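The sequence and structure come first, followed by notes grouped by topic.

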Amino acid sequence: MKTIRDFDLKGKKVIIRVDFNVPRKKNKILDDTRIKKAKDTILYATKKKAKVILLSHLGRVKEEEDLKKNDLKVVVSTLQKILGKKVLFVSKTRGEEVEEKIASLKEGDILLLQNTRYEDLDGKKESRCDAELSKYWASLGDLFINDAFGTMHRAHASTVGISRYLESGIGFLVEKELTALSSLKCENHPYIIMLGGAKVEDKISLIENLLPKCDKMLIGGGMAFTFLQAEGFDVGNSLVDRASLDYCSKVISKYPDKLVLPVDIICSKEFTDNDFYQEKDINEISFDEMGLDIGSKTVSLFENYLKDASIIFWNGPMGVYEFENYKKGTNQLLTYLVEEKKKTILGGGDIVAAATALKVVDKLYHVSTGGGATLEYLEGKEFPFLKEQEEKDEKK
Ligand code: AMP
């Protein structure tokens with residue numbers, strides 16, 4: 001796979017697909033992490049004297065009123081601050097104004113086009129990877145760089161589409177994510193998976209793909225109770241994903257030595273953050289109690305496995321981390337991994353949010369920001385952009 005380093009960028013119109021799909025409230029950006037992550041690739045291109053054309057989606061555009069809500073202009077001032085450079089903006093995705101602005105670009109200039117999903121209003125052209133739109137966008141540049149890791153699992157006109165008509169490669173963010181995630185595929189043992197979160201059902205593909213590869217799978221969070229019930233424990237009012245009970249029984253009998261379940265929990269009679277909670281062994285939960293976090297014996301048990309790990313992948317919190325009282329298990333294990341300097345990769349929205357709140361994101365080996373893309377990768381699905389690039393390379 002070619003990276004941006006492999007091309008001579010001088011004087012070239014380089015289209016960079018970034019992911020500026022930032023969370024917002026009333027036109028205020030709540031978290032600019034995604035913009036910061038795009039910085040290295042953009043500045044590299046300007047330093048190499050490219051004429052940079054940025055494409056990104058923002059939110060979803062289904063109706064006319066979504067246009068105003070998802071105007072990409074909202075990111076311009078933050079982007080300028082992060083890059084320390086002027087950013088030109090054109091509020092169109094195609095047409096004369098776009099073409100004129102591009103024609104007037106000088107080496108090192110940066111131009112951001114309007115939200116690619118504006119093209120979804122008329123027949124979902126962006127999301128359905130419309131060929132005419134893909135060809136048009138490709139005609140605006142000399143080279144295409146995909147640095148939008150968060151959308152790698154999708155085949156849209158601004159990602160896969162353009163690359164069908166233009167020489168293409170990946171940017172630094174995508175390269176970094178792929179390098180970190182591919183270290184989970186290698187023969188790095190002991191390889192420990194930590195899975196938490198709410199429902200087993202949502203994680204079946206992940207479990208299926210990862211269980212054969214790992215040495216131990218430590219299960220916490222709400223999903224542990226479905227496994228515990230399948231093992232015959234009475235879990236009271238805890239979250240149980242009934243549709244997945246049979247599945248859990250099968251997994252337990254197929255991999256009896258790989259699964260590690262909680263031995264104690266923090267439980268309460270209510271799903272609220274009040275102080276009426278107790279730590280109990282797993283066989284002591286009464287009918288009207290629910291488990292909301294892993295207990296201290298479980299934290300020690302998990303640490304014991306983590307101590308010898310060569311590599312760790314963690315998805316999903318160990319408890320209801322949104323509540324002050326039930327974030328301890330997750331935070332203690334995060335702290336342990338940081339203090340012991342264990343090679344840890346976090347992936348998926350909630351565990352990344354927990355690590356961000358604990359301010360340990362920069363202290364871990366890799367925190368994957370891809371959300372859905374990261375999980376699909378770990379489920380063993382191929383990224384369409386990479387697949388097509390590899391096929392192109394093979395034909396050469
Ligand atoms: P997921 O998106 O599947 O990773 O699930 C994350 C959600 O799981 C978070 O909102 C947590 O509050 C929730 N969760 C974690 N542990 C529990 C638990 N013991 N009972 C209920 N929900 C939980």
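Asn-315 lies in strand E15, residues 311-315, where strands (E, at least two residues) and helices (H or I, at least four) are DSSP runs numbered from the N terminus. This is a predicted model, in which local features need pLDDT of at least 70 and side-chain atom pairs count only at pLDDT 80 or more, while totals for chains, interfaces and linings use all residues. Residues are numbered from 1 along each chain as its sequence is written, and side-chain values use heavy atoms, with hydrogens and water left out.

**Asn-315 and its contact**

- Asn-315 counts as buried because its relative accessibility is 3%; buried means under 20% relative accessible area, exposed over 50%, and partly exposed in between, with a 1.4 Å probe and protein chains only.
- The side chains of Asn-315 and Lys-203 are joined by a polar contact of 2.8 Å. A polar contact is a pair of N or O atoms within 3.5 Å; within protein, one must be able to donate a hydrogen and the other to accept it, and residues adjacent in sequence count only if both atoms are side-chain atoms.

**Ligand site**

- Lys-203 also faces the ligand: an N or O atom in the Lys-203 side chain is 2.9 Å from a ligand oxygen atom.
- For Ala-198, a polar backbone atom is 3.1 Å from an oxygen atom of the ligand.
- An N or O atom in the side chain of Asp-350 lies 3.3 Å from a ligand oxygen atom.
- The ligand taken alone exposes 500 Å², of which the protein buries 81%; accessible areas come from the Shrake-Rupley method with a 1.4 Å probe, and for residues only the protein chains shown count as cover.
- There are 15 residues around the ligand, and those that come nearest are Ala-198, Lys-203, Gly-222, Gly-291 and Glu-322; a residue is near a molecule if one of its heavy atoms lies within 4 Å of it.
- The shell around the ligand divides into six nonpolar, six polar and three charged residues. Ala, Val, Leu, Ile, Met, Phe, Trp, Tyr, Cys and Pro count as nonpolar, Asp, Glu, Lys and Arg as charged, and the others, Gly among them, as polar.

**Two further residues**

- Gly-349 is in helix H13, residues 349-357, and is exposed because its relative accessibility is 54%.
- Gly-349 and Val-338 are eleven residues apart along the chain, and their C-alpha atoms are separated by 19 Å.
- Leu-112 belongs to strand E6, residues 110-113, and is buried, its relative accessible area being 0%.
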